[in-house]
Amino acid sequence: MSATITPPYAPVRSLVGLAVGTDHKGVALRLGGAAFAFFLAGGILALLMRAELAQPGMQITSRGGYDQLFSMHGSTMIYLFVTPIALALGTYFVPLQVGAAEIAWPRLNLLGFWLLVLGGMIMWSGFLTRGGAGSAAWTGEYPQSAAIHSPGAGMDLWCAGVALAGLAGIALAASQIATIAGRRAPGMTLLRMPVFTWSMLVTCLMTVASFPALVLAMALLLADRHGAAIFDSAGGPAAYQNIFWFYGHPVVYVMFFPFLGAVLEVVSTFSGRRVFGYRAVVISLLVFTALSMSVWGHHMFTTGQVANGYFSLTSTMLAIPAGLEYLAMIGTMVGGAIVLRTPMLFALGFIVQFLVGGLSGIYVASPPLDYHVHDSYFVVAHFHYTLLAGSVFGLFAAVYYWWPKVTGRLLFERLGRVHFWLFVLGTHLTFIPQFVLGYEGMPRRVADYSPAYGWGGWNTVSTVGAGIVALSVVVFIVNVALTSIAGRPAGADPWEAHTLEWATTSPPPRHNFTAALPAIRSPAPLLDLREEAIL
Amino acid sequence: MGNVRLARGGGWECPLWLPGTRHDFAHVQDLYLPVAAAVFAVVLVALAFTLVRYRARPGRAPRPTRDHYAVDAGLAVVLGVVVAVLVTVTLRTNDEETALARAGFRVDAIAFQWGWQFTYPSRPGVVDRSAPGRPATLHVPAGTTVQVDLRTRDVVHAFWIPDLRFKRDAWPHKTARFDLRFPPGTAAGVGHCAQFCGLKHSDMVFFVDAMDRARFATWSRQGGRRA
């Protein structure tokens with residue numbers, strides 16, 4: 001049963017290799033592993049929050065404890081899980097997809113991994129301090145985050161950790177941009193790059209354009225907390241929010257595009273067809289990226305201090321490129337021969353569920369609607385539909401799709417299906433009630449609510465749903481463990497895929513390709529080969 | 001959707017013809033929800049049809065992809081029109097909702113960690129203020145324009161009355177001025193702080209007592225004591 005997978009090179013298994021190995025595949029695996037560990041940690045915080053909220057009254061933590069839970073849950077998921085794991089996917093697959101032997105600027109890339117791990121550990125070490133971890137939400141809005149309102153080392157550690165995670169993103173993104181700019185194989189023109197690589201290019205462009213604002217916000221906040229009085233003025237709090245959200249909205253698409261790109265690859269592979277409207281996808285990604293830099297004010301509609309009309313217009317306009325992306329996903333399937341393997345199931349989950357997040361996003365982009373639902377559980381449901389029901393489903397589509405490439409073994413199909421359906425059930429049970437609760441008036445970031453509101457029932461359902469999501473993740477971990485013991489060897493290309501990473505061994509050798517690359521005449525060189533063989 | 005109520009009284013049977021934030025919200029939502037539902041339905045039906053029709057079967061090869069950029073362009077135009085309609089209605093309604101009318105009654109609201117204080121310029125000496133374990137009550141006449149001047153004493157808070165479908169932030173060093181209209185008749189409701197503001201954010205609740213003409217007269221005559 002257990003077949004041995006022999007990598008065609010000697011992998012670096014020493015501690016030194018783990019610490020300073022610069023192979024982009026090793027860095028990506030370590031980064032992805034660290035991000036997944038943070039996902040589990042942030043998930044445990046979420047379960048504790050849901051346990052506290054299941055019924056009115058304080059049962060398992062204090063108000064101060066709860067503030068740390070939701071602050072660190074959001075911070076962990078955004079800074080330490082979704083963003084880095086998205087960049088890890090690119091770190092692994094961009095060089096392979098463009099036919100490069102190595103990532104550009106490998107040491108900068110490695111630095112990105114270390115900054116992320118250090119940042120995460122610094123942020124989490126806040127739990128060891130006297131006052132606990134950072135507790136001014138993942139946004140650290142001023143003056144709630146000022147020294148006088150959030151005293152203690154935990155908040156300082158939070159600022160430092162977030163700043164390092166931001167720097168990590170810049171380093172990781174820069175080396176991917178450099179790889180795409182300078183390491184493409186002969187024949188790989190920009191318009192022959194696979195859609196996933198395109199999605200990583202725009203992701204990394206947004207990262208290098210917006211993450212410096214985050215690092216700046218954190219540096220200024222840290223200085224302010226130690227007496228510099230930077231934001232302590234009439235315009236200071238709004239200045240902080242503008243700087244923060246200048247990072248904070250593009251990052252939403254940093255946490256979305258890589259998974260959109262992966263889903264397009266999966267849909268294309270499991271339909272047996274090239275992506276429909278490839279150039280329209282590229283243009284829509286670029287339009288989306290450009291717009292993403294001018295929508296941040298929609299987080300500030302209720303502040304009365306931004307031009308609501310302008311930001312409502314730019315935010316709603318995102319529906320146009322998003323619509324083209326949906327057309328590409330469905331258009332690729334039309335006329336295909338669709339095979340519903342686990343990666344495709346997760347891709348379909350992404351398509352349907354992200355739509356709920358996207359449409360509710362258009363809803364909250366309207367100020368008269370946002371005046372009601374802003375900072376309520378409605379918004380919590382909205383962005384979890386984009387991030388968990390959308391991006392994380394896209395992530396698992398990518399994981400099930402690329403696992404055989406990375407490890408040489410196929411994850412078990414049946415466990416994958418159990419994982420998928422449990423995840424679907426849990427996600428909707430968790431977040432549909434939150435739409436209702438928010439609409440009915442439940443503010444976000446509350447540790448408790450009065451029994452008089454009658455919110456206990458919906459909250460209990462939501463908590464049960466969170467438990468089912470956790471169970472589905474356990475199924476995934478079991479699948480990974482069983483696969484590593486008894487997984488079926490994958491071979492170079494188990495899915496009959498289209499892009500260059502499937503033209504090499506699984507896992508790929510140290511410098512990615514040993515044989516000559518196939519001719520690159522389209523974004524799907526392996527499909528070209530198969531079609532030529534038929535002719 | 002049930003409205004949020006405490007045990008103190010009934011909710012607002014809000015007639016939608018009454019101009020005000022709740023009316024504005026409903027006006028926009030009545031457009032957005034059907035559009036969202038239609039888009040969701042179209043995508044779902046297209047996806048379901050595709051999955052059934054183009055499921056892999058023995059002996060059937062996938063058709064090669066032909067790009068139809070006219071379809072992409074057409075969709076972009078359709079979506080552009082939809083966006084234009086949505087944004088036009090949003091911006092018009094937003095302008096109406098945020099425009100200030102002649103105030104029938106004025107309120108000075110102050111948010112602080114962790115409670116509310118309401119005073120009324122036309123009723124000097126009347127102070128409704130939170131005490132530990134006892135939320136403040138906002139007293140307003142129903143059926144007229146209530147103009148609120150909202151301030152904070154410390155961090156950012158937000159004044160949210162879910163039944164009115166409206167909230168506004170209170171920012172340090174700034175005054176936020178907005179109009180609210182409470183439907184005619186006597187009603188009671190609650191308001192929350194929506195912006196996370198520290199340890200007792202959860203407890204930053206206030207009651208709303210919207211009074212009809214007779215009760216409002218009694219309340220005014222008695223100098224703000226219970227009407």
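**Helix packing, chain interface and local backbone features**

In the predicted model, the axes of helix H15 (residues 377–407) and helix H17 (residues 456–486) of chain A come within 13 Å and cross at roughly 5°. Because angles under 35 degrees count as roughly parallel, H15(A) is therefore classed as roughly parallel to H17(A). On the side of H15(A), the contact involves Phe396(A), Val399(A), Tyr400(A) and Trp403(A); their counterparts in H17(A) are Phe476(A), Asn479(A), Val480(A) and Thr483(A). By residue class, the contact of H15(A) with H17(A) comprises 6 nonpolar and 2 polar residues, with no charged residue.

In the interface, 86 residues of chain A are in contact with 75 residues of chain B. The size of an interface is often expressed as the accessible area lost when the parts come together. For chain B and chain A, the buried area is about 6,700 Å², of which 67% lies on carbon and sulfur atoms. Polar contacts between chain B and chain A amount to 24 residue pairs, with both residues at pLDDT 80 or more. Several elements of chain B, namely helix H1 (21–53), helix H2 (69–98), strand E7 (166–170) and strand E9 (187–193), each supply at least two residues of the side that touches chain A. Among the contributors, H2(B) gives the most to this side, with 16 residues. The residues on the side of chain B that touches chain A divide into 42 nonpolar, 17 polar and 16 charged.

Side chains of opposite charge can pair when their charged atoms come close. Across the interface of chain B and chain A, 1 salt bridge is found. This salt bridge pairs Asp203(B) with Arg63(A), and the closest N and O atoms are 2.6 Å apart. Over all chains, the count of salt bridges comes to 17. Within chain A, a salt bridge is formed by Arg510(A) and Asp23(A), whose closest N and O atoms are separated by 3.4 Å. Arg510(A) is located in the loop between E2 and H18 of chain A, whereas Asp23(A) is located in the loop between helix H1 (15–20) and helix H2 (24–53) of chain A, so the pair ties together parts that are 487 residues apart in sequence.

In chain A, the peptide bond from Tyr142(A) to Pro143(A) is cis, with omega near 5°. In chain B, Gln113(B) and Trp114(B) are joined by a cis peptide bond, with omega about 0°. Glu496(A), a residue other than glycine, has a positive phi near 55°. The position of Glu496(A) is in the loop between strand E2 (488–489) and helix H18 (525–534) of chain A.

Technical notes
Residues numbered from 1 in each chain as written. Chains lettered and ligands numbered in written order. Predicted model: local features only at pLDDT ≥ 70, side-chain atom pairs only at ≥ 80, totals over all residues. Heavy atoms only, no water. Contact = heavy atoms within 4.5 Å. Buried area = accessible area lost by both parts, 1.4 Å probe. Salt bridge = Lys/Arg side-chain N within 4 Å of Asp/Glu carboxyl O. Polar contact = N/O pair within 3.5 Å; in protein donor to acceptor, adjacent residues only side chain to side chain. Helix = DSSP H or I, 4+ residues; strand = E, 2+ residues; numbered from the N terminus. Nonpolar A, V, L, I, M, F, W, Y, C, P; charged D, E, K, R; others polar. Axes fitted to C-alpha atoms, helices over the stretch in contact; angles between N-to-C directions. Parallel < 35°, antiparallel > 145°, perpendicular 65-115°, else oblique.
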